[in-house]
Amino acid sequence: MKLIHLTDLHLVRPGAMLFGFDPAERLRKTIARINRDHADAELCVVTGDLTDEGDFASYELLRDVLRDLRVPTRLLLGNHDSRENFVRAFPGEPRDESGFVQSVHESSAGRLIFLDTLVEGSGHGALDEGRLEWLLARFTEKPEAPTFLFVHHQLQPIGLPHFEPWNTENWRHNMRAIVGAGNVRHIFHGHVHVDVGGTWSGIPFSASRGVAHQIIPNFTRRDADFVEDAPAFDIALIDADGVLVHRLEVSDRHVVEISAAGPVPEGEQ
Ligand SMILES: [Fe+2]
């Protein structure tokens, strides 16, 4: 299965700018690249911070821009989002029985579980108010099925002091429960605006720097430098043997002529 992971779009209302750039334009370029090269993907998952301020006009703009995307899309919420305005703009997006934007998708490669870690008015994430219990109940439905989690906030630390206050509440408790389920193959998350991947107690995770602004990783300082690099997104190739994550950036690349490199030196032919 080919799956696209987008994150942190940070759209603002039509005509407005964010840090001097137009987030919607960056998303349009990203969608054009996906349509050109990856329209065969089974699903595109956007792991939150769909908008920068959670206002309804930004969600309407998102709805308009996403109409061009030729891949089915699943939208998750981040700390910059508003659950109420999102649901108004996207009433068809699945929610759990408590109203959280959490759901399950049975894909050709296994179960995809989408989590809602938004705590309205706060930068950190949480799986409180029954959200962790909802996840554990999903695990018990199909304990043998390969399962993949999608979430905005990092469920595990990423080693950068800037993000320590914005970890998911009770993250160690949550992660132990996820490890204990025994069938989670990968966690795809957003929120961090840096390229990072690794494992926590054997569970792999990955996040990209995202579509809007990015952060320069700093391993000692709490504050962060924001930059405007090329938009990035991930392509995940998932089968019974494992998960491959390719990071792609939306930039104009110059393909070099290999023949212009000159003759291969003697002895290396
Ligand atoms: Fe973000």
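**Pocket and cavity**

I sorted the lining of the largest pocket by class and found five nonpolar, eight polar and three charged residues, where Ala, Val, Leu, Ile, Met, Phe, Trp, Tyr, Cys and Pro count as nonpolar, Asp, Glu, Lys and Arg as charged, and the others, Gly among them, as polar. I note that this is a predicted model, in which local features need pLDDT of at least 70 and side-chain atom pairs pLDDT 80 or more, while totals for chains, interfaces and linings use all residues. Residues are numbered from 1 along each chain as its sequence is written, and side-chain values use heavy atoms, without hydrogens and water.

The 16 lining residues of this pocket include Asn79, His80, His162, His191 and Phe226, which lie nearest its centre, and its space comes to about 220 Å³. A pocket here is an open set of points on a 1 Å grid over the protein atoms alone, with protein on both sides within 12 Å along at least five of seven lines; a cavity is a set where a 1.4 Å probe fits but cannot get out, and lining residues have an atom within 4 Å of a point.

I found one cavity of 30 Å³ or more; the largest has a volume of about 40 Å³, and its lining includes His162, Pro217 and Arg221.

Histidine 10 and histidine 193, 183 residues apart, link distant parts of the chain, and both are buried, meaning under 20% relative accessible area, with exposed over 50% and partly exposed in between (1.4 Å probe, protein chains only).

**Aromatic rings**

I counted seven aromatic pairs in the whole structure, a pair being rings of Phe, Tyr and Trp (its six-membered ring) with centres within 6.5 Å, stacked if the planes are under 30 degrees apart, edge-to-face over 60 and tilted otherwise. Phenylalanine 114 and phenylalanine 150 form a tilted pair, because their planes stand at 35 degrees, with the centres 5.4 Å apart. Phenylalanine 114 is in strand E5 and phenylalanine 150 in strand E6, so this pair ties together parts 36 residues apart in sequence. Phenylalanine 150 also stacks with phenylalanine 188, at 4.7 Å centre to centre and 5 degrees between the planes, and both of these residues are buried.

Methods:
Points joined across faces, edges and corners; volume = space filled by probe spheres on them. Helix = DSSP H or I, 4+ residues; strand = E, 2+ residues; numbered from the N terminus.
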